[in-house]
Amino acid sequence: MTLYEDLKWRGLIKDVAGEESDLQKVLDGKPFAFYWGTDPTADSLHLGHYSSLCMAKRLCNAGHHPVLLCGGATGRIGDPRPTAEREIISEEAVNKNIKSIQAQVDRLLEGRAELVDNYDWLKDYTLLNFMRDIGKYININYMLDKDIIRRRLETGITWAEFSYTLLQGFDFLHLFKTKGCIMQVAGSDQWGNITTGVDLIRKMLNKTAYAFTMPLILDPSGKKFGKSEGNALWLDKTKTSPYQIYQYLYNSDDSKVIEYLKVFTFLPREQIEEICAQQKEHPETRIAQKTLAYEVVKDIHGKEEADNAVAGAKAAFGGGGDKSQMPTVELSKAEFDAGVNACDLFFNTKLCATKSDARRLIQQGGASVNGNSVTDVKAVFKTSDADKDGEFVVKAGKKKFCRVVLK
């Protein structure tokens, strides 16, 4: 398949600036520079960003040149959210976040991406010059018609947020002129900002720029993968372990797993279709989920970490494997010598957010320790109850596990 055909098959093209036939010609034509951007609102990217990184990698593998923008300037403002203004973060935090994100991008794109920061070209651009040079080309009614701005009008939107689309549009214009970036790629929630850049390039330079968006990747409940939704899976393994990413994707709903395989992996169409056929014939094997989880962890953290995650999962499910690869906490041996209440155990391992949650989990039959169901909230565990390794494997439901080492 051509690059365009592959992206269409994977469901990765949603909105297109201009004619899709023109986009197809560019994607399948001679090498070009394109850009994707993110604001450094945290010190790590997460799985929600990963689909965009995969897109950048697909275009890069096809011979095109990726320019990845980390918004040191726009990150100081924050793009409008559907319900409320983003919290302003300090310049020190922004700079720290940029360094961390750029290191992640450099590793995931194998050093093939050019990394830029829009603070470099916006820091000395005066307000008067910006309004004169850029502001006069964008009609206020045009901005009010942007979906994200229109949705915020009733609750209120600050001038800083309102102006964000002009800043991002200017980024596209700047990169078009200085880096030859003729295309921007982003998630569909950025469509309004993308088209502002396309329009600026057309009005100011009388030239054509290209852009398309990817559908937002949602979990089964309809939420984005992102920190604002409270379900972030960080690409920094000190924040989210490779095992946690593996286990989350292993538990993907059957209704979403093939979509995730297309978006998050680089497996060819023939292999994904074969996995899909096997999944339909023998869903109990969860071959699609196993493949998805392994491939994503391997791409983000490397084969060794993926193998370790598989070993940890096998141990958690009682199928052998290596317990040391499971999420692990250290708890006091002295406390277990005296006896630890079941509710305290599930709370202290952070498998339950509160002791009340732990009580409900136990009462509803979702708790187990070392493979044995725990139904009594008054149950007490002592050192003598540990397994042959002197440890405990604590489970909350079918998806959450923790290894307890006594110290």
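In this predicted model, the protein exposes about 19,300 Å² of surface, and carbon and sulfur atoms supply 49% of that area. The C-alpha trace spans about 75 × 45 × 35 Å along its principal axes, and the secondary structure comes to 19 helices and 12 strands. Of the contacts between residues at least 6 apart in sequence, 73% join residues at least 24 apart.

A pair of aromatic rings is described by the distance of the centres and the angle of the planes. The structure holds 10 aromatic pairs. One of them joins Phe336 and Phe392, which are stacked at 5.0 Å centre to centre with 25 degrees between the planes. Phe336 belongs to helix α17 (residues 333–338) and Phe392 to strand β11 (residues 391–396), so this pair ties together parts that are 56 residues apart in sequence. Both Phe336 and Phe392 are buried. Phe392 also pairs with Phe381, this time edge-to-face, with 6.5 Å between the centres and 80 degrees between the planes. Here the link runs between strand β10 (residues 380–381), which holds Phe381, and strand β11, which holds Phe392, the two residues being 11 apart. Phe392 has a relative accessibility of 0% and therefore counts as buried. Phe381 has 11%, and because the cut-off for a buried residue is under 20%, Phe381 counts as buried too.

Elsewhere, Tyr50, Tyr260 and Phe264 form one aromatic cluster. Arg76 lies over the face of Tyr119, at 4.2 Å from the ring centre. In a second case, the charged end of Arg286 sits over the ring of Tyr250, 5.3 Å from the centre of that ring.

The backbone has points of interest as well. Most residues other than glycine have a negative phi, and most peptide bonds are trans. Glu110, however, has a positive phi, near 55 degrees. This residue is found in the loop between α4 (91–108) and β3, and Glu110 is exposed because its relative accessible area is 55%, where exposed means over 50%. Asn206 likewise has a positive phi near 55 degrees. Asn206 is found in the loop between α11 (191–205) and β5 (210–214), and with a relative accessibility of 68% it counts as exposed.

The loop that holds Glu110 leads on to strand β3, and this strand (residues 114–117) includes Leu115. Is Leu115 buried, exposed or partly exposed? At 29% relative accessibility, Leu115 counts as partly exposed, because that class lies between the 20% and 50% limits. Leaving aside residues up to four places away in sequence, Leu115 touches Leu68, Gln102, Val105 and Asp106. Leu115 and Lys57 are 58 residues apart in sequence, and their C-alpha atoms are 14 Å apart in space.

Definitions and conventions:
Residues numbered from 1 in each chain as written. Predicted model: local features only at pLDDT ≥ 70, side-chain atom pairs only at ≥ 80, totals over all residues. Heavy atoms only, no water. Helix = DSSP H or I, 4+ residues; strand = E, 2+ residues; numbered from the N terminus. Buried < 20%, exposed > 50% of the residue type's maximum accessible area, 1.4 Å probe, protein only. Contact = heavy atoms within 4.5 Å. Areas by Shrake-Rupley, 256 points an atom, 1.4 Å probe, with all protein chains shown as cover. Phe/Tyr/Trp six-rings, centres within 6.5 Å; stacked < 30°, edge-to-face > 60°. Lys NZ or Arg CZ within 6 Å of the ring centre and 35° of its normal.
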